[in-house]
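Give the cut-offs behind each term as it comes up.

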Amino acid sequence: VSVAEVIFSGTMLAQTVRMAIPYACAATGGVLCERSGVVNIALEGTLLASALAAIATHAATGSATAGLVAGVACGAAIGAVHATLVVRGRVDAIVSGLAINLAAAGGTRFLLRALYGSSSNSPSVAAFRFLPDASALVRAVLDPFFVLGAIAALGSAWLLARTRFGLRLRACGEDPSAAQAVGVRVDVTRTAAVCLGSAVCGLGGTALAYDLHQFQAGMSGGRGFIALAAVIVSGWRPWAAASACLAFAALDALEIVLQGHTHVPAQLFAILPFVATLVALALFSRRRSAHRPPAGLGKHPE
Amino acid sequence: VKATVTALAAAWLAFCLLVFAYGESPASMAVQLFAGTWGTWYGAGQVLFKATPLLFTGIAVDLALRAGLFNIGAEGQLAVGSLACGVVGARLPPGTPFVVAVPLAIGAAALAGAAWAFVPALLKVRVGAHEVISTIMMNRVADGLVGLAIANVALTGTVRTPDVVAGAHVPRLEALVPAFRGSAASLAFVVAVLAAVLVTEGYRRTRVGRELGLIGLNARAMAAEKVPVERRVAQALVVSGALAGAASLGTVLGYKGYFEEGLGAGAGFGGLAVALLGRGSAAGLVGAALLFGTLQQGGLALNAFVPRELMEVLEGVVICAVALADARGRLSRGEKTA
């Protein structure tokens, strides 16, 4: 089988869709946070912590659905912490995000040892079982996480563009002082936006963990940061951000499907998404009218 | 001072809660923690050893923060710096004297760290790419590339470089203070303290230093004053990278005598915590480095009873507590927080 055949195969497409789900969920969550004016680099830690929450709950209750709920709830809870620190405590959002990432990285390892006595991974869980006989592509598209992720992306786009809450959210992100002056409760709106966004990110973390049927220490592997970059290069638009994630996921998928087909060292493939992110940032960061950050990003109402 | 007290109180509270939840007694664990760190000369030496790279990366992050930049890339800058330090240190002619070997090896480390920081600096001033994202990406790229490079320069069958030449070893503190026997603390700690004093004095006493501080407060006003803001921002990030790379003085030259994959990992992120706690003063930075060094060494001392990752959680708690106390202080003084 030639390399080109592998790249243009259905397996590659299916892998891309599968790998894109955690990215796209984190990016959608990131758009919701940032459009409300709160920078969220805690997406990385949110992915990680919700992955463990989902697996631990699944393992304890035996129910994959309960695990999913726990993963999403864990995301929302981390969002609540971030929002409390940033919106109410007026802590710099980057400092808060760094602290959450640090605590999530250490905390998940701590819990892994406390719960399962292992420093690397949890025991395996069943996750969702569906259509065991269908082809990889059909399975990828009918995957519950693909469906839920698509609903989240679609719903977020609709929420931002078409609802009263979305309008307020964007107002807080563009000019918090003006929003407050016309009676929008900036702190409440932002807290809701960050919790909601982090919950969607938690869905991504759950997808990540269920995909491997277990939790592994450090399994988020920089996906939260790449998702944040996707938010930036896509100009803070939900659909564009989710689509940008497909491109990054394709690079991940490449690593998987090309394993054994080339002599390129695995480390080169592993750094490909990060190099691609740097290149994308270099190309798309220049501020154009359609691609500018929310004007009130990181600002508090006077 | 108030922020430090808050941070320590929050850390203590989190420590008690987590240790208790794990099913151990907080009091006896605290005794263990003290005994394993400041309780003996060896433990104290190990704290100094752990604090050394943290202090270097702490100064590095602080310097960038002065100009309003978050250098989250200290981790990657240290990784490539350590690799360069190990390779250059080993390739020097065997008889190279101390005064030549150490500066050359550390110079290579600083150069590599600076080069690694140059990419985000360029992206920042040329296209306005936020340094937080680009430095994080550079960390990951460093991870992969150091792994690739080590395969080519390592001794066969290992993930370590050959030993550095005899002249490139930084003397251990035990050579001066015999009581430190067995601990890996080296003169690199003294150099790090000197660096902290030099850099923080430079903030006040040099023109570039003062400009950096003012750029961090209000870049637009500085641009209006004809200060080359972009140039200064790029310089701050590059020098920050060089300082982070120089942390290999304590790990490669002061401890192992060679570079192996993963040596010094975590010191870059630890440096962020040190800088946020120590903010701009030499005493603050040294104190913060000692605090987090104590936590790291204490984590090892407790590892048989409680997972040492507990200490990473505490680091996060400390950062939050300090930042909260800081923000409250600013609010009550009525400063704008935007």
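A residue is called buried when its relative accessible area is under 20%, exposed when that area is over 50%, and partly exposed in between, all with a 1.4 Å probe and with protein chains only. The model is a predicted one, in which local features need pLDDT of at least 70 and side-chain atom pairs count only at pLDDT 80 or more, while totals for chains, interfaces and linings use all residues. Residues are numbered from 1 along each chain as its sequence is written, chains are lettered from A and ligands numbered from 1 in the order in which they are written, and side-chain values use heavy atoms, with hydrogens and water left out.

Chain A has 13 helices and zero strands, where helices (H or I, at least four residues) and strands (E, at least two) are DSSP runs numbered from the N terminus. Its radius of gyration, taken over C-alpha atoms, is 19 Å, and the globule rule used for comparison is 2.2 Å times the number of residues to the power 0.38. Because that rule gives 19 Å for 302 residues, chain A is as compact as a globular protein of that length. Along the principal axes, the C-alpha atoms of chain A fill a box of roughly 65 × 45 × 30 Å. Among contacts (heavy atoms within 4.5 Å) in chain A between residues at least 6 apart in sequence, 78% join residues at least 24 apart.

The contact between the two chains takes 43 residues from chain A and 44 residues from chain B. Together the chains bury about 3,800 Å², with 78% of it on carbon and sulfur atoms; buried area here is the accessible area (1.4 Å probe) that two parts lose on being put together, summed over both. Leu102(A), Phe110(A) and Arg113(A) supply 18% of the area that chain A buries against chain B, which is more than any other three residues.

One salt bridge is counted between chain A and chain B, a salt bridge being a side-chain nitrogen of Lys or Arg within 4 Å of a carboxyl oxygen of Asp or Glu. This bridge joins the side chains of Arg113(A) and Glu309(B), at 3.8 Å from N to O. Helix 5 (93-116), helix 11 (223-233) and helix 13 (266-284) of chain A each supply at least two residues of the side that touches chain B, and helix 5 of chain A gives the most, with 13 residues.

Over all chains, the whole structure holds 12 salt bridges. In one of them, Asp187(A) pairs with Arg88(A), the closest N and O atoms being 3.7 Å apart. Since Asp187(A) lies in helix 10 (residues 186-212) and Arg88(A) in helix 4 (residues 64-88) of chain A, this pair ties together parts that are 99 residues apart in sequence. Asp187(A) is partly exposed at 26% relative accessibility, and Arg88(A) is exposed at 52%.

In chain B, the side chains of Glu211(B) and Arg207(B) meet in a salt bridge at 3.2 Å, N to O. Both residues lie in helix 8 (residues 207-217) of chain B, four residues apart, or about one turn of the helix. Glu211(B) is buried, with a relative accessible area of 9%, whereas Arg207(B) is exposed at 59% relative accessibility. Salt bridges that share partners also join Glu201(B), Arg204(B) and Arg205(B) into one network.
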